[in-house]
Amino acid sequence: MARQKRCRICKREGFIHLRYANLPLCKEHFLSRTRSVVQDTIKKFKMFSKEQKVIVAVSGGKDSMALWHILAQLDYKVEGIHIDLGLREFSMISRKISEEFAETHGLKLHVFSLKEELNYTIEDIVKKSYEKPCSVCGTIKRYMLNRLTYEMGGSVLATGHNLDDESARLMGNILNWEEEYLYRQYPVLPEEEGMVKKVKPVVFLTRKELLKYCEAEQISYVDVSCPHSRGARSLVLLDIMEMIEDKYPATKLRFVKGFYKIREKFAPSKKVELHKCVKCGMLTASNKDLCRFCRIKERMEKNEAIERT
Ligand code: SF4
Ligand code: ZN
Ligand code: ZN
């Protein structure tokens, strides 16, 4: 293995070489730089203040664990929320790791089990659904995280989307010219009626940086994959972006930052009409009486197949 170059700042042994910035750093300078990138992102996009209660969506993966740790280190008022999706061994390990991390670091974690909240696990729902597993799981997670953040009195929901995720998603949205999704792809989405404010504080950090952050801080994270992640389109897009980055370092950062500058061009000409779901009262853009979540629940209760949206 090639030796790491010496730290650009203190000349001590290198811990990581950030190719996109051509910057070799020792462990200590890497950790302080990582935290300042997050701090700068929070400030630049006016994400939240030290007085606000921030809820971190904790999956047990490296991104959300690193995010939670960084925010706590920066003295933000953070609490974690973990949804046990009931995805066999994957969910059991994810929950255990999240709970152990909270205990070791003296952080508050709220755990919700889908089986208890909804009566069904993602596994049960996927078996009855014509939708792709990640699509139905995404709908449920977004709904639950939004509702639970409100119920817990949090004003902001922070997620661990990193630069790799964001660039792959941007590529996917452009390939399909998903104008509405493009407009909503941003590090901060303001609070709207019925929707909490959503932020992505680690959006300018790569997957590799978050992995190395966990390694440096000895943070355990789930390293088994969800049984439904295989073959997901997002993984293909991640690989493609990685190939480009490998040849042309800093492409991901330029791609994403450049898009944020022109994102307003995709603002919808008229506001999407929302109405209250007749069952749960949450706002929905669906053209039916019930929101998508309640429709899934209803179909499960009636033992009917879940249709595509
Ligand atoms: Fe849900 Fe898909 Fe993620 Fe698995 S890979 S947790 S099914 S979104
Ligand atoms: Zn150094
Ligand atoms: Zn509803």
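Predicted model: local features only at pLDDT ≥ 70, side-chain atom pairs only at ≥ 80, totals over all residues.
Residues are numbered from 1 along each chain as its sequence is written, chains are lettered from A and ligands numbered from 1 in the order in which they are written, and side-chain values use heavy atoms, with hydrogens and water left out.

**Zinc site**
- Cys7 (SG), Cys10 (SG), Cys26 (SG) and His29 (ND1) coordinate the zinc ion (ligand 2) at 2.1 to 2.3 Å; donors are N, O and S atoms within 2.8 Å of the metal (3.2 Å for Na, K and Ca).
- Along the chain, these donors follow the spacing C-x2-C-x15-C-x2-H.
- Cys7 is buried, with a relative accessible area of 1%, while Cys10 is partly exposed at 28% (buried means under 20%, exposed over 50%, partly exposed in between, using a 1.4 Å probe and protein chains only).

**Helix H9**
- Helices (H or I, at least four residues) and strands (E, at least two) are DSSP runs, numbered from the N terminus.
- The buried residues of H9 are Glu209, Leu210, Lys212, Tyr213, Cys214 and Ala216.
- They pack against S1, helix H1 (27-44) and helix H2 (62-73), where contact means heavy atoms within 4.5 Å.
- Just after H9, Gln218 takes a positive phi of about 50 degrees.
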